[in-house]
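Work through the exercises below with the structure open beside you. Try each task before you read its solution.

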Amino acid sequence: MKDIDISPQDQPPADNSEPRGGAIAEEVIDFAVDAAQRAGRITLQWYQQRSLSVSAKSDGTPVTEADYAAERLLRSEISAAYPDDSVWGEEEGVSAGRTGRSWVIDPIDGTKAFVQGVPLYATLLALVDGQGPAVGVICLPALDECVWAGRGRGAYWNGVPCRVSEHAGLDGAYVCTSGLSYWPEPALERVRAAGARVRTWGDAYGYALVATGRAEAMVDPECFDWDVAAMPVIMAEAGGRFSNTSGSPEWRSGSAAASNGLLHDDLLACLR
Ligand code: IPD
Ligand code: CA
Ligand code: CA
């Protein structure tokens, strides 16, 4: 599991397992989708600039001025609309709140793809409240796609309701991942032996593929909380399932497995 330097009092509410509880207000979903899309559009100003300045963070991962600009815009939108909510962003850390609600931001998920001019990066925004993951947005600016969900309000792909696939079993299933090097070799072997087609259509893009029925599963044996905060509610509302690779619905545990639900237990059996 990756290290995250966030002190306990700054973290989103502890009650953060599978989405449940009451439906979230439509206006909050609308706000989140609009804000994520606006931040995503900002990233396009830098996308495909071969001269983009890239620096390395303390953990060695890359960050660009576009990451900072997108996160700044999201923070400013959130603090204007919901000034008492806390905000937790990958690049700028935590701003405390007093509502028990937390917004979680990954301004560019897939910075390496972004820097390479590959369109599979995303801007991610999530809202977590006392009842768990409440809103999730995967904005894919360079693909002009956006997948989102709000608890009790359904999942959408560019405004049209979306749903996971109906493919049962791992045989012939498309299983996506952000990188094969994160996998324990025996787990990868078991998934392949079960007949799955493993593809590195990864980062948030892989979760978007699952939520829209274009792939059956997405696995991240290692991830940060902001990589996956948007995913539990999107998967639940799209009819799928989200857990960590041990099967726990806890999303803040450093690994993630999302699927159409039908093959989730078979997938977990391979991953454990
Ligand atoms: C990372 C990317 C990478 C994955 C890491 C993520 P970032 O996010 O998604 O492919 O392997 O787990 O942290 O740094 O591009 O936002
Ligand atoms: Ca990320
Ligand atoms: Ca990022």
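The exercises below concern a predicted model.

**Exercise 1.** Find the protein donors of the calcium ion (ligand 3) and describe where they sit.

*Solution.* 
Step 1. List the donors. They are E90 (OE), D106 (OD) and I108 (O), lying 2.2 to 2.3 Å from the ion.
Step 2. Read their spacing in sequence. The pattern is E-x15-D-x1-I.
Step 3. E90 lies in the loop between strand 3 (86-89) and strand 4 (93-95), and I108 is in strand 5 (residues 102-109), 18 residues apart.
Step 4. D106 bridges the calcium ion (ligand 3) and the calcium ion (ligand 2), which lie 3.8 Å apart.

**Exercise 2.** Decide whether E90 is buried or exposed.

*Solution.* 
Step 1. Recall the cut-off: buried means under 20% relative accessible area.
Step 2. Apply it. E90 has 18% relative accessibility, so E90 counts as buried.
Step 3. Repeat for I108. At 2%, I108 is buried too.

**Exercise 3.** Locate the salt bridge between R75 and E71.

*Solution.* 
Step 1. Check the distance. N to O is 3.0 Å.
Step 2. R75 is buried at 13%, and E71 is buried at 0%.

**Exercise 4.** Explain which parts the salt bridge between D85 and R101 ties together.

*Solution.* 
Step 1. Check the distance. N to O is 2.9 Å.
Step 2. D85 lies in the loop between helix 2 and strand 3, and R101 in the loop between strand 4 and strand 5, so the pair ties together parts 16 residues apart in sequence.

Methods:
Residues numbered from 1 in each chain as written. Chains lettered and ligands numbered in written order. Predicted model: local features only at pLDDT ≥ 70, side-chain atom pairs only at ≥ 80, totals over all residues. Heavy atoms only, no water. Donors = N, O, S within 2.8 Å, 3.2 Å for Na, K, Ca; no water. Helix = DSSP H or I, 4+ residues; strand = E, 2+ residues; numbered from the N terminus. Buried < 20%, exposed > 50% of the residue type's maximum accessible area, 1.4 Å probe, protein only. Salt bridge = Lys/Arg side-chain N within 4 Å of Asp/Glu carboxyl O.
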